[in-house]
Amino acid sequence: MTDSKQKLMKCNHFKAIFHLFNSINYCVICSAFILTDCSSNNSIIKTIKPDNFKNKIEMFPSFSWLSYENESINKFYNKKDYLKQRNSIIKNIKKVSSYFSVSLSTYFLTVYYFDEICSKFSSFSQNSLLQISLFCLILATKFNEETSKAVQMQKALKNNISKNYVEDEKYVLNLLNHKLNVHSSYDILMDILHSGFIFEGEEFNPSKMSYIYSNLENILYIFSGANSYIDMTPKQVAISIVGFARELLGLNSYSCTFKKVFMIDQSHEHDYVSGLEIIKKKIKIEGKLNNSKGNETSSAMCGENNFQKGKNKTIAIICNKYIN
């Protein structure tokens, strides 16, 4: 019997095993995926992660996004004009999110709403995009944060963004088909970080793992303002960033075990390979800008949110592999 199986049997795991999707289960206590094949045999795959990412039973996510292989990328009616203005709007969303101290989950939910709505328009004005983005932020805050914070934000912003706030908010909700409970790239990334994406038996530097692990949110935050962000599904973005992290640790970005656990079948593998290349290209560009301008670029991108302060080393550790 393997060590993984012995550890699993010793755990009081009956209340700690979560059914994720189809034949995939996860034990919070053991940090192990339990895969059942057609003959009902269990394959137990233990993950390794920093201590601060250990799970609590009551906090374990549903992983319902595992079934999102057929999730489609937004088809924009006027993608070229939208991209000319998107970056400046995203920067403003970051600033307002920071001002009201909303969570990263709320920020990424806002970006999801905003891109979804703007994919349906054929023409844009900077003012209308700004207005829509703030409606998205208020809706995301109402959905994700405490009521008091949502009330504070709406009270502070509504008179500046609309003379007919209630009707305009209904219009934005209709554009979203009243579908507010969605999985953003951040939600998916955090699910993967907390379940673990490095597996027992893989060789890596533990110190480097902890450092890279804790900076993946920062990489995603930076990438959210990139034009290529809208060319990928939330799952593709999150999986690609995790694959990038594995590669930095000297591991196969998408090993057979990784693909099995996170349900990446052969017909969709190309999407994640191309996503990985997009992430690496973006990081290379940011790293070169950072090298040529000192900390100016990173400061501009990171300064909107306290989460970002002191995180410029994220780019440096990546540049050591991909630029220098």
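Me: Is Lys-259 buried or partly exposed?
Reply: In this predicted model, the relative accessible area of Lys-259 is 18%. A residue counts as buried under 20% relative accessible area. Lys-259 is therefore classed as buried.

Me: How many residues apart in sequence are the parts tied together by Arg-86 and Asp-115?
Reply: The side chains of Arg-86 and Asp-115 meet in a salt bridge of 2.9 Å, N to O. Arg-86 belongs to helix α2 (residues 79-99), and Asp-115 to helix α3 (residues 104-118). The pair therefore ties together parts of the chain whose separation is 29 residues.

Me: What is the relative accessible area of Arg-86?
Reply: Asp-115, the salt-bridge partner of Arg-86, is buried, with a relative accessible area of 6%. Arg-86 is also buried, and its relative accessible area is 0%.

Me: Where do Lys-170 and Glu-167 lie?
Reply: Lys-170 forms a salt bridge with Glu-167, the closest N and O atoms being 3.6 Å apart. Lys-170 is partly exposed at 44% relative accessibility, and Glu-167 is partly exposed at 42%. The two are 3 residues apart, and thus separated by about one helical turn. Both lie in helix α6 (residues 165-175).

Me: Which strands stand at the edges of the sheet?
Reply: The open sheet is formed by 5 strands in the order β1-β2-β3-β4-β5, with antiparallel pairing. An edge strand has a single partner strand, so one side of it is left without a neighbour in the sheet. The strands in this position are β1 (17-21) and β5 (198-199).

Me: Which residue in β4 does Leu-35 stand opposite?
Reply: Strand β3 (residues 32-36) pairs with strand β4 (residues 42-48) in the antiparallel sense over 5 bridges. Within β4, the residue opposite Leu-35 is Ser-43.

Methods. Residues are numbered from 1 along each chain as its sequence is written. This is a predicted model: local features need pLDDT of at least 70, side-chain atom pairs count only at pLDDT 80 or more; totals for chains, interfaces and linings use all residues. Side-chain values use heavy atoms; hydrogens and water are left out. Two strands pair if DSSP finds at least two bridges between them. Helices (H or I, at least four residues) and strands (E, at least two) are DSSP runs, numbered from the N terminus. A salt bridge is a side-chain nitrogen of Lys or Arg within 4 Å of a carboxyl oxygen of Asp or Glu. Buried means under 20% relative accessible area, exposed over 50%, partly exposed in between (1.4 Å probe, protein chains only).
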